Amino acid sequence: MKWFLNNLVLVHVLAIFLLYSFLGGGTRGEWLKLWAPWLTLATLQALMLFPQQKKSENLFQARLRAWTGFFRDPLLWLTLGLALLLGVQALNGPRQLVYLKETLSWIYSAPPVSWLPGCVNPSEAACVLWWFAPVLAAVLAAKHGLLKRSKRLLLELMCWSAGVLSLLGIVQYINGSSFLHGSLKLPSHFFASFGYPNFAAAYFVLATIICIGIAIWYRDNDRDERAYQRNTILIPLLSNAIGASLSLSRAGILFLALTILILGGYFLLRSWKRLGRGSRYKVYAIVIALILILVSLCGSAHRNPTIEEIRTTDWQSFFSQRMTGNYQVQCALDMWQDYRFFGCGGWGYPHLAYQYLPQAEWKRLRATGQANVHNDAVQFLCEHGIVGLGLMLAILAGLLIPMTRAWWRSANQTDTTAIRAIPWAFRFNAVSTAMLWATTIILIHSTFDIPFRSPAVLMLYLAGLVLAQGYDIKRYVNESVH
């Protein structure tokens, strides 16, 4: 019982992540409203009552430390501001469809309280609240309720759970199932619990990047008893990489390849001088094996779905239409002109877009995958205005800046002799380096798609920024004080 209470925060945060990950990527509102409010409150209660204790603390002192950090954290007040905006939007609806005889057209009426932020459909707008509130509550709980050792454990459990989900998706793919969770039939390709392939790609690419960082961190901080953890993390790494590939998302395949080439190359270079002759031969063998596998896959392109997806994609059209010629971006910006400060409400864009496009363009909006702008920042700006997007960016900065500072300091604060023996550019904390690469990847991805509209992806990324600091240690001696 004592162990359970000491890890109650960890259990609740992991539960939120697992529910988001395994229940449709967290995007289905009818599933979220059943558990999201209660688990959010339970997680915050666990933080208030049972934060983890240092060896030098009693429970009262641990609570005082957690409460002080929690209530002084700007992230808390930014989260409350965002939750207030999303909540008011969800409550101030619906907006009725009205026919104007003068113009022979349909428009949406003003919300019930015209001077407050509103929405078109309250149940859809509430879904956005249940994306952000539990995720940010979990991030705050992990930040202030866990010690560094438990932060490392939680991040690795998240990677392992992602690997298990990928494995289930692989089995599902091999069986040729067209039913999500065995009951919900989907008309297009899906993978694991994600009905939209690009959500699956973003999720599993992120998990792969984090696994790479953790594996290198264990090698940098090598001890005999950690060799087991260092090697076993390769299992979810491989599973997540396969999942990113089998999502059949062109962006996912591209980002996975870039991760292997750039991030993998960086970590290989920083480890090369510390590798013995036997280890270098293993690297040569792995590279040769990967080349042979790639040649084999290319030779059987008509049977391999990933290679077939790459081969049949019009990449010039992909980059020009998605990244520079998205008609929905201009439509959303036009809509934002009428809802500058608070936006049109969560999921308001697909309802109101018809008023901002010529009638000849309407049929394009009815096509599969056209309910979103395919640009996260622009859609959040359109639906939540300057205030909403500003709060979101402030929350991201509040998590990213401390991690980046810790990453910069890590090159000079380690006491590990093996790391000090290599050039300064290769001495940065491996997990923080991986998270900076993940930030680069996901921010680029969000300019032409919607990865942040999946709470599973959102939580894996934001929690990763906080939990990566659990790997920011100088030495293993007296580690319990962290």
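Which residues of helix 21 are buried? Ala430, Val431, Ser432, Thr433, Ala434, Met435, Trp437, Ala438, Thr439, Ile441, Ile442 and His445 are, where buried denotes under 20% relative accessible area (1.4 Å probe, protein chains only). The model is predicted, so local features need pLDDT of at least 70 and side-chain atom pairs pLDDT 80 or more, while totals for chains, interfaces and linings use all residues. Residues are numbered from 1 along each chain as its sequence is written, and side-chain values use heavy atoms, without hydrogens and water.

Because twelve of its 16 residues are buried, helix 21 is largely enclosed by the rest of the structure. Helix 21 comprises residues 430–445; helices here are DSSP runs of H or I with at least four residues, numbered from the N terminus. From first to last C-alpha, helix 21 reaches 22 Å, close to the 22 Å expected at 1.5 Å a residue, the expected span being 1.5 Å times one less than the number of residues.

Helix 4 (residues 36–49) has 14 residues and spans 20 Å between its first and last C-alpha, close to the 20 Å expected. Its buried residues are Ala36, Pro37, Leu39, Thr40, Thr43, Ala46 and Leu47. The elements that cover these residues include helix 2, helix 3 (29–32), helix 5 (59–72) and helix 7 (122–145).

Helix 2 (residues 8–22) also contains Val11, which is partly exposed at a relative accessible area of 33%, between the 20% and 50% limits.

Methods:
Helices (H or I, at least four residues) and strands (E, at least two) are DSSP runs, numbered from the N terminus. Contact means heavy atoms within 4.5 Å.
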